[in-house]
Amino acid sequence: MSGAALGLEIVFVFFLALFLLHRYGDFKKQHRLVIIATLLAWYLCFLIVFILPLDVSTTIYNRCKLAVNSSPAESNGSYVTLAPSKQKCFKPWSYIPDGIMPIFWRVVYWTSQFLTWILLPFMQSYARSGGFSITGKIKTALIENAIYYGTYLLIFGAFLIYVAVNPNFNLQWNQLQTIGIAAANTWGLFLLVLLLGYGLVEIPRSHWNGAKRGYLLMKTYFKAAKLMTEKADAEENLEDIMEEVRKVSESIKYNHPLRKCVDTILKKCPTEYQERMGRNMDDYEDFDERQNSYPSEKSLAKLHKQVIYSVQRHRRTQVQWQILLEQAFYLEDVAKNESSATRQFVHTFHSQEPENKIIQYFYTPTVEWYWECLLRPWFYRVLAVVLATFSVIVVWSECTFFSTKPVLSLFAVFIQLAEKTYNYIYIEMACFLTIFFLSICVYSTVFRIRVFNYYYLASHHQTDAYSLLFSGMLFCRLTPPLCLNFLGLTHMDATISHKNTQPTAYTSIMGSMRVLSFIADGFYIYYPMLVVILCIATYFSLGTRCLNLLGFQQFMGDSEMTSDLIDEGKELIRREKRKRQRQEEGENRRREWKERYGNRDDSTRSRAVHTDQKESSFSETSANRPLSKYTRSNGRTERDRIELLQDAEPLDFNADSVNDDPLESDSGR
């Protein structure tokens, strides 16, 4: 089993990162380099989180071997036995041979740092650039990142001058490397505590509120009102941009030198706009440089950038609106089915996507009713209590992990108890649950936050390239300080435990932080205590209230603006529900009419044609009977057609447009 656990986790984490990237990114439309760079960044960060518990168990076993070798001992099979105390050092099932982990951590760490500080920022500017050639995009990316790179060089130079001026330090390559790592981890730890303080409170609270049906439905109405405003704004912005594209397309003719740039812009436009602009083209006209003023290539690049952004935003809001409608309809169905006497879940609308037959076989309407109406609320409440307990333990440990005598950090207590019995499975499970919970609190906040339209991770393949690359940067900067913080909570870091023991392979790659004592003994220890203040602020929703005062509408139960938006969203959902019901009723009537009268109408026409071709020797009485029969049948068929065309329904006074002219309606019929 030596190294097998490492190989299995490497494969599993790759598919996990690939699944998440497929959910948020679009493999078909986005550039391959963007997908590969984001996948590599996510993969390396998730890999660090999953492999670190194996490093801890291997380090504990190596410490045991060192203790055994320093005293009289005898070898006994797969373990070593201390002669005086009969202590046994069992080799863990996931033991990784010596020399593998240092190389592994060195490759993973420095690759992630290269991505987050050099490659991904450059690719962000490259992907957002509106240039029409590779050279133009590279030039734009270099100019935009000049200030960015200069700032980091200034910070690193400040650390370098501090070490050079201090007479106690002798500048060496290892110390310079440690200074660079300390600068990166300091920036990451600053952001880490902010995100962690929000996630420790918001994740348990969101699961507790998930058990409240009324709460979720009201919040969905609130989201619908906000999303409709954003959707209308996106449509208006797209119309304005398309109008500019149309003017540019009409002014720059086919033989203009910049026509290739215009064609590139037109390819990024939606299909309906491309067809509309294609019909209005007068390419037979030559351009006259003396009569018209033409846009420059720089202005076309800016227009190209605006087109990419507006089309992406418009498509994202359209998809999100449909998803939100399905969610609102489902929550309304849950509220109706809670009082059902048959205990079978009934949907208002059938699913538009074909369901899996295996899921349909096991997830019957009865099972769905018991899960949605009875079990799911209680499951969410129990899960919220468990997550809240973890959050309290994390907050307590963050405030007390620097204490070694006595050991107050609960995570350190758990690991040290398991270390005495060398229960490696328990050690790995405890470490994995601890770092996994910390990662969920931090990473989920990265997925939730939205910085206007600058950064936003939208599911269902609606995230743009800029946001994907930005998320990869954040993950690569947050993961190393997150792991160091975890090792400090469990006292596996010698800087915290103040013990002369063998460090983990991950800590050895980071180097000794004693080079910068004010960071190792000050910032790294006392700054995480700030998480208490952030948790209190998140619990009382201070950030939400501040944003609400600044004019950014946030969901708050005691706000008048929130109530107005809930009512508006409820009306929007009701209108969309009526629209979909009318569509389904119309489709059902057409289907029924086709099944009942489609074949009969064809046979009636064939009979009428056959009757006209008969000889005139038939008697009048024998000719009138079938004629009256066909007349009645045709009359009934015609009436059915008129009813379908009229689509008789109650008037919707909330509809967008109502026809007030009955004559126009009659003429249409």
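1. A salt bridge here is a side-chain nitrogen of Lys or Arg within 4 Å of a carboxyl oxygen of Asp or Glu. Glu230, Arg316 and Arg450 are linked by such bridges into a network, and the structure holds 13 salt bridges.

2. Before you go on: this is a predicted model, where local features need pLDDT of at least 70, side-chain atom pairs count only at pLDDT 80 or more, and totals for chains, interfaces and linings use all residues. Numbering runs from 1 along each chain as its sequence is written, and side-chain values use heavy atoms, with hydrogens and water left out.

3. Have a look at Glu332 and Lys577, whose side chains form a salt bridge (3.2 Å, N to O). This pair links distant parts of the chain, with Glu332 in helix α10 and Lys577 in helix α21 (residues 560-612), 245 residues apart. Helices are DSSP runs (H or I, at least four residues), numbered from the N terminus. Glu332 is buried at 13% relative accessible area, and Lys577 is buried at 11%. Buried means under 20%, exposed over 50%, and partly exposed in between (1.4 Å probe, protein chains only).

4. Glu571 is partly exposed at 23%, and so is Arg574 at 39%.

5. Back in helix α10 (residues 297-337) you'll find Arg313, which is buried at 8% relative accessibility. Its side chain makes a 2.7 Å polar contact with that of Asp233; such a contact is a pair of N or O atoms within 3.5 Å, within protein one able to donate a hydrogen and the other to accept it, and residues adjacent in sequence count only if both atoms are side-chain atoms.

Notes:
Helix = DSSP H or I, 4+ residues; strand = E, 2+ residues; numbered from the N terminus.
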